[in-house]
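Keep the 3D view open as you read.

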Amino acid sequence: MATIQEKGATLVAISPETPDYSLSTKEKNELDFYVLSDVDNIVARQFDLVFDMPGYLIDICKASGLNVDAHNGNEDWQLPKPATFIIQSDGTISFSDVPADYTERVDPKTVIEKL
C-alpha cells in the first residue's frame with residue numbers, strides 16, 4: 001500500500017456489501033484503504049461489470065454458509081467482476097483490467113508499474 005501512496009495514488013475498493021458488512025470486512029481484514037459500499041451494484045452496472053452468479057456457485061455459497069444475499073442486502077445473487085482501474089484526477093481511465101474469469105485478479109505489481 002505504501003508504494004501506491006508513494007506514487008501519489010489512493011487505493012479504493014468498491015464492494016456490493018451493505019455499509020455495515022463493508023466496514024466489518026475492512027476491520028476484520030485490517031485493511032488500510034477505503035472500502036466503499038455499492039449496494040445493488042449501481043456503480044458496477046455503470047461500468048458493465050455485473051454478472052449473475054451461476055447456480056452451482058450459489059449452491060456452494062449456501063452450503064458453506066456464505067450469506068452473499070445477506071451481506072449484499074438483496075437476493076439477486078449478482079456480483080461485480082473483479083475489475084481494476086487507475087483513474088486520473090481528471091476522470092480519465094489510464095489503465096483497466098477486467099478479467100473474463102471472476103476468480104482472477106490483476107497482479108498488484110502491474111498496477112504499481114502502471115502508476
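First, a term we'll need: a nonpolar core here is a set of buried Ala, Val, Leu, Ile, Met, Phe, Trp, Tyr and Cys residues joined through side-chain atoms within 4.5 Å, and buried means under 20% relative accessible area. One caution before using it: what you're looking at is a predicted model.

So which residues make up the largest nonpolar core? There are seven of them: Phe51, Met53, Leu57, Ile58, Cys61, Val68 and Trp77. Helix α4 (residues 55-63) gives the largest share of this core, with three residues.

Now zoom out to the whole chain. It has six helices and six strands, and if you read along the sequence they come in the pattern α-β-α-β-α-β-α-α-β-β-β-α. The C-alpha trace spans about 40 × 30 × 25 Å along its principal axes. Of the 115 residues, 25% count as buried. As for how the chain meets itself, take the contacts between residues at least 6 apart in sequence: 43% of them join residues at least 24 apart.

Next, the aromatic rings. How many aromatic pairs are there? The count comes to two. In one, the rings of Phe47 and Phe85 have centres 5.1 Å apart, and the pair counts as tilted because the planes sit at 45°. This pair links distant parts of the chain, with Phe47 in the loop between α3 and β3 (50-52) and Phe85 in strand β5 (residues 84-87), 38 residues apart. Phe47 is partly exposed at 35% relative accessibility, and Phe85 is partly exposed too, at 27%.

The other pair brings us back to a core residue. Phe51 and Tyr102 are stacked, 5.4 Å centre to centre with 25° between the planes. Here again distant parts of the chain are linked: Phe51 belongs to strand β3, while Tyr102 sits in the loop between β6 (93-97) and α6 (108-114), 51 residues away.

Val12, Ile14, Tyr34, Leu36, Val43, Phe47, Ile87 and Ile93 form a nonpolar patch on the surface, with about 700 Å² of accessible area together. Strands β1 (12-15) and β2 (34-37) each supply at least two of its residues. Val43, a patch member, lies in helix α3 (residues 42-46) and is partly exposed, at 33% relative accessible area.

One last stop is Ser89, in the loop between β5 and β6. With a relative accessibility of 85%, Ser89 counts as exposed. Ser89 and Ala9 are 80 residues apart in sequence, yet their C-alpha atoms are 9.6 Å apart in space.

Notes:
Residues numbered from 1 in each chain as written. Predicted model: local features only at pLDDT ≥ 70, side-chain atom pairs only at ≥ 80, totals over all residues. Heavy atoms only, no water. Patch = residues over 30% accessible without salt bridge, like charges linked within 9 Å, V, L, I, M, F, W, Y side chains within 5 Å. Areas by Shrake-Rupley, 256 points an atom, 1.4 Å probe, with all protein chains shown as cover. Salt bridge = Lys/Arg side-chain N within 4 Å of Asp/Glu carboxyl O. Helix = DSSP H or I, 4+ residues; strand = E, 2+ residues; numbered from the N terminus. Buried < 20%, exposed > 50% of the residue type's maximum accessible area, 1.4 Å probe, protein only. Phe/Tyr/Trp six-rings, centres within 6.5 Å; stacked < 30°, edge-to-face > 60°. Contact = heavy atoms within 4.5 Å.
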